[in-house]
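Subject: Structure for you to look at

Hello,

Here is the structure I said I would pass on. Please open it first and keep it beside you while you read the notes below.

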Amino acid sequence: MSVDVLVVDDDELIRVGLRAIIDAQPDLRVVGEAADGAEVPPLVAKLRPRVVLMDVRMPSIDGIQATRRLLATSADPPKVLVVTTFANDEYVYEALRAGASGFLLKRARPAEVVEAIRVVAAGDSLLFPAAIRQLVGAYGGPGGDRLRSARLTEREAEVLRLMATGLSNTEIAAQLVVGVETVKTHVGNVLAKLAVRDRTQAVIAAYESGFVVPTG
């Protein structure tokens, strides 16, 4: 079964380029396009895409507002991948905080675009540890006692620290010498206790709470 994708960008050339890249893959297909964030919720309700490629800067409703509206209005929202010109951008940070699963640069190679879509469609977050550190260091505010109130176990806290380095479940399992299913359980517990949608939001919460320090 193919992964259905909605492409949202106010630049028609960008939309055409992304459609060509995506539709060239046997397991991916573009089911719709939008030029503004205001069009996203009704199109998602109609087309039911699994992934939305969302331009972060649009003239009317930008990618941040569109992501918030989508997650607030959809019972089973798709994964959102922010598409941006600059990685170190406050808009990108706010979009990730709003619930986007990751971001792509507009200059990304076709293979990187395709891989990113597949990663988030599979339920994983597209996490760039160095970029997240820079974004939190530049734009993040204090997260208060969010981690303390979550009451993570020692092992869950350890898993969260490793998540913040960008390790996959398999890599975390190897590091801790436990099974992958055990790691998945810990990750699920971390997300539930922090009341976040995915790994990206968990890592941002860890940084903002001072649990992980954005250095380097």
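A word used below first: two residues are in contact, or touch, when heavy atoms of theirs lie within 4.5 Å. Please also keep in mind that this is a predicted model.

By that cut-off, leucine 6 touches Gly32, Glu33, Val40, Leu43, Val44, Leu47, Pro49, Val51, Val52 and Leu53, with residues up to four places away in sequence left out of the count.

**The sheet**

An open sheet is built from 5 strands, in the order S2-S1-S3-S4-S5, and their pairing is parallel. Strand S2 (28-34) and strand S5 (102-105) are at the edges; each has a single partner strand, so one side of each has no neighbour in the sheet. On average, and ignoring direction, neighbouring strands of this sheet are turned by 25° against each other.

Strand S3 (residues 51-55) pairs with strand S4 (residues 79-84) in the parallel sense, over 5 bridges. Helix H3 (residues 63-73) lies across S3 and S4 and runs at about 150° to S3.

**The cores**

In soluble globular proteins, nonpolar side chains tend to be buried together. Which residues have the most contacts inside the largest nonpolar core? They are Leu6, Val8, Val40, Val52, Met54 and Leu96, and the core has 25 residues. Two or more residues each come from strand S1 (3-8), helix H2 (40-47), S3, H3, S4 and helix H4 (90-98). H4 gives the most to this core, with 5 residues. There is also a second, separate core of 23 residues, which includes Leu147, Leu162, Val183 and Val190.

**The salt bridges**

Searching the whole structure gives 13 salt bridges. Three of them are described here.

In one, the side chains of arginine 19 and glutamate 33 meet at 2.6 Å, N to O. Arginine 19 belongs to helix H1 (residues 12-23) and glutamate 33 to strand S2, so this pair ties together parts that are 14 residues apart in sequence. Arginine 19 counts as partly exposed, because its relative accessibility is 29%. Glutamate 33 also has 29% relative accessibility and counts as partly exposed.

Another salt bridge joins aspartate 27 and arginine 118, with the closest N and O atoms 2.8 Å apart. Aspartate 27 is in the loop between H1 and S2, while arginine 118 is in helix H5 (residues 110-121), so the pair ties together parts 91 residues apart in sequence. Aspartate 27, at 26% relative accessibility, counts as partly exposed, and arginine 118, at 31%, counts as partly exposed too.

The last pair is aspartate 55 with lysine 106, where the closest N and O atoms are 3.3 Å apart. It links distant parts of the chain, 51 residues apart: aspartate 55 is in strand S3 and lysine 106 in the loop between S5 and H5. Is aspartate 55 buried or exposed? Aspartate 55 is buried, because its relative accessible area is 2% and buried means under 20%. Lysine 106, at 31% relative accessibility, counts as partly exposed.

Regards

Definitions and conventions
Residues are numbered from 1 along each chain as its sequence is written. This is a predicted model: local features need pLDDT of at least 70, side-chain atom pairs count only at pLDDT 80 or more; totals for chains, interfaces and linings use all residues. Side-chain values use heavy atoms; hydrogens and water are left out. Two strands pair if DSSP finds at least two bridges between them. Helices (H or I, at least four residues) and strands (E, at least two) are DSSP runs, numbered from the N terminus. Axes are lines fitted to C-alpha atoms, for helices over the stretch in contact, and angles run from 0 to 180 degrees between N-to-C directions. A nonpolar core is a set of buried Ala, Val, Leu, Ile, Met, Phe, Trp, Tyr and Cys residues joined through side-chain atoms within 4.5 Å. Buried means under 20% relative accessible area, exposed over 50%, partly exposed in between (1.4 Å probe, protein chains only). A salt bridge is a side-chain nitrogen of Lys or Arg within 4 Å of a carboxyl oxygen of Asp or Glu.
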